[in-house]
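This briefing goes through one structure by topic. Please have the sequence and the 3D view open while reading.

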Amino acid sequence: MSALLEIQDLKTYIRQRKGEVRAVDGVSLYIEEGETLGLVGESGCGKTMTGMSIMRLLPPGGYIAGGSIILDGQQLVGMPEREIRKVRGNDVAVIFQDPMTSLNPTMTIGNQIAEMVKIHRQVKQREALDRAAEVLGLVGMPNPRERLKDYPHQLSGGLRQRVMIAMALSCDPKLLIADEPTTALDVTIQLQILELLYSLKQRLRMAVLLITHDMGVIAGRADRVNVMYAGKIVEAAPTVDLFESMRHPYTEALLASIPRLDQRTDTALYSIPGLPPDLSHPPTWCRFQPRCRYATAHCREEEPELAGDTPEHLYACFNPVGRAGARPQPAAAG
Ligand SMILES: Nc1ncnc2c1ncn2[C@@H]1O[C@H](COP(=O)(O)OP(=O)(O)O)[C@@H](O)[C@H]1O
Ligand SMILES: [Mg+2]
């Protein structure tokens, strides 16, 4: 059986006056039906552009320069805009970090969800509102019928994110892209929203692409994880394997920077020294090399391929963590 989503060698570039940004530079990944795939990496490494390539919602100058995106048997690359519109919301839906920028402040939440339903289903306003109340109930909105007449500003940040999720679910997508869905929320609300996404995924048997910069969000919630750095996947593994025996030094560094609940608030969180490379002129050798404590001369000679001892656990590194002989070198980056 083939995967629900299969991306092969995707290249998404953004044309700008000073050159072209290779936001996504040869990404391959897959998501099985009902599976949650975590896509993790620091800010600016191409996670959002990967998600937006699936939705074909790219910023000005953005275009898919190569590769293939097959969703439920349909090739999305090259598909005309009017057909993509049917895929968007029907087969795949997205929720973003900040619900306030995606909700219309002048429209009741009931009408906003109903509009969404009517784009994809041939139903009258009344039925669309019934569906809106139903999905609001599904996302744990108290008294959903009465809330249909509320405006976004009348709701807390957590409830607004529930409305966004309800909107995304209103057409029963097979794949939900959740792009930093809790980054803008308080810690307790974050946990509630993540629990909600997890339970919805179980109940609706929907696949989820969970995008985050925070490894802590992934733990226990994703089946598999793809770690992204500078436009590329650098490690791919089942979540448990990744946490227990990560091979890429970048993954190791990301895991070391998870905030811990028992951590004293006056101790600085570990952050990876240095910065990701400029994606308009990416190096032809290992992109993480300048920041890597295991780097050797080899790492500046060529770019490591994504490969591994088993097809389930892949990594792009010449000196993987845990291999005999791999020793931390003095840090190269400042
Ligand atoms: N609207 C935009 N215009 C130009 N460049 C952009 C835009 N959005 C993102 N980029 C560039 O694309 C690269 C990947 O960005 P993005 O996918 O948003 O990263 P992430 O989601 O991992 O933080 C970055 O180098 C970023 O500067
Ligand atoms: Mg992003």
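Which residues does R247 touch, not counting residues up to four places away in sequence? R247 touches E235, Y315, C317, P320, V321 and G322, where contact requires C-beta atoms, placed from the backbone, within 7 Å. The model is predicted: local features need pLDDT of at least 70, side-chain atom pairs count only at pLDDT 80 or more, and totals for chains, interfaces and linings use all residues. Residues are numbered from 1 along each chain as its sequence is written, while chains are lettered from A and ligands numbered from 1 in the order in which they are written. Helices (H or I, at least four residues) and strands (E, at least two) are DSSP runs, numbered from the N terminus.

**R247 and its surroundings**

- R247 sits in the loop between α10 (239-244) and α11.
- R247 counts as buried because it has 24 C-beta neighbours inside 10 Å. The scale is: buried with 20 or more other C-beta atoms within 10 Å of the residue's own, exposed with 12 or fewer, and partly exposed in between, with C-beta atoms placed from the backbone.
- From C-alpha to C-alpha, R247 lies 9.6 Å from G308, although the two are 61 residues apart in sequence.

**Ligand 1**

- The shell around ligand 1 has 14 residues, of which A23, K47, T48, M49 and P59 come nearest. A residue is near the molecule if its C-beta atom, placed from the backbone, lies within 6 Å of it.
- Two or more residues of this shell come from each of β1 (5-16), β2 (19-31) and α1 (47-55).
- Helix α1 gives the largest share, 3 residues.
- By class, the shell around ligand 1 holds 7 nonpolar, 6 polar and 1 charged residues. Ala, Val, Leu, Ile, Met, Phe, Trp, Tyr, Cys and Pro count as nonpolar, Asp, Glu, Lys and Arg as charged, and the others, Gly among them, as polar.
- Helix α1 is mostly covered, with 7 of its 9 residues buried; these are K47, T48, M49, T50, G51, S53 and I54.
- After α1 comes R56, which has a positive phi near 55°.

**The open sheet**

- Strands of a sheet pair through backbone hydrogen bonds, either parallel or antiparallel. Here, two strands pair if DSSP finds at least two bridges between them.
- An open sheet of 8 strands runs in the order β6-β7-β8-β3-β9-β10-β12-β11, and its pairing is mixed.
- Strands β6 and β11 (307-310) form the edges, each pairing on one side only.
- On average, neighbouring strands of this sheet are turned by 20° against each other, direction ignored. Axes are lines fitted to C-alpha atoms, for helices over the stretch in contact, and angles run from 0 to 180 degrees between N-to-C directions.
- Helix α11 (residues 249-256) packs on the sheet and touches β3 (36-40), β9 (224-229) and β10 (232-238); the direction of α11 makes about 105° with that of β9.
- The buried residues of α11 include P249, Y250, T251, A253 and L254, and their cover includes β3, α9 (215-218), β9, β10 and α10.

- Strand β6 (residues 92-95) pairs with β7 in the parallel sense over 4 bridges. V92 stands opposite L175 in β7, and I95 stands opposite A178.
- In β6, V92 and V94 point one way and A93 and I95 the other way, and all are buried.
- All 5 of the 5 residues of β7 (residues 175-179) are buried, so this strand is largely enclosed by the rest of the structure. L175, I177 and D179 lie on one side, with L176 and A178 on the other.
- Strand β7 also pairs with β8 (residues 207-212) in the parallel sense over 5 bridges, and I177 stands opposite L209 in β8.

**Strand β3**

- Strand β3 is largely enclosed by the rest of the structure, because 5 of its 5 residues are buried.
- Both faces of β3 are covered, with T36, G38 and V40 on one side and L37 and L39 on the other.
- Strand β3 pairs with β8 in the parallel sense over 5 bridges, where T36 has V208 as its bridge partner.
- Strand β3 pairs with β9 in the parallel sense over 4 bridges, and L39 stands opposite N226 in β9.

Methods. Contact = placed C-beta atoms within 7 Å.
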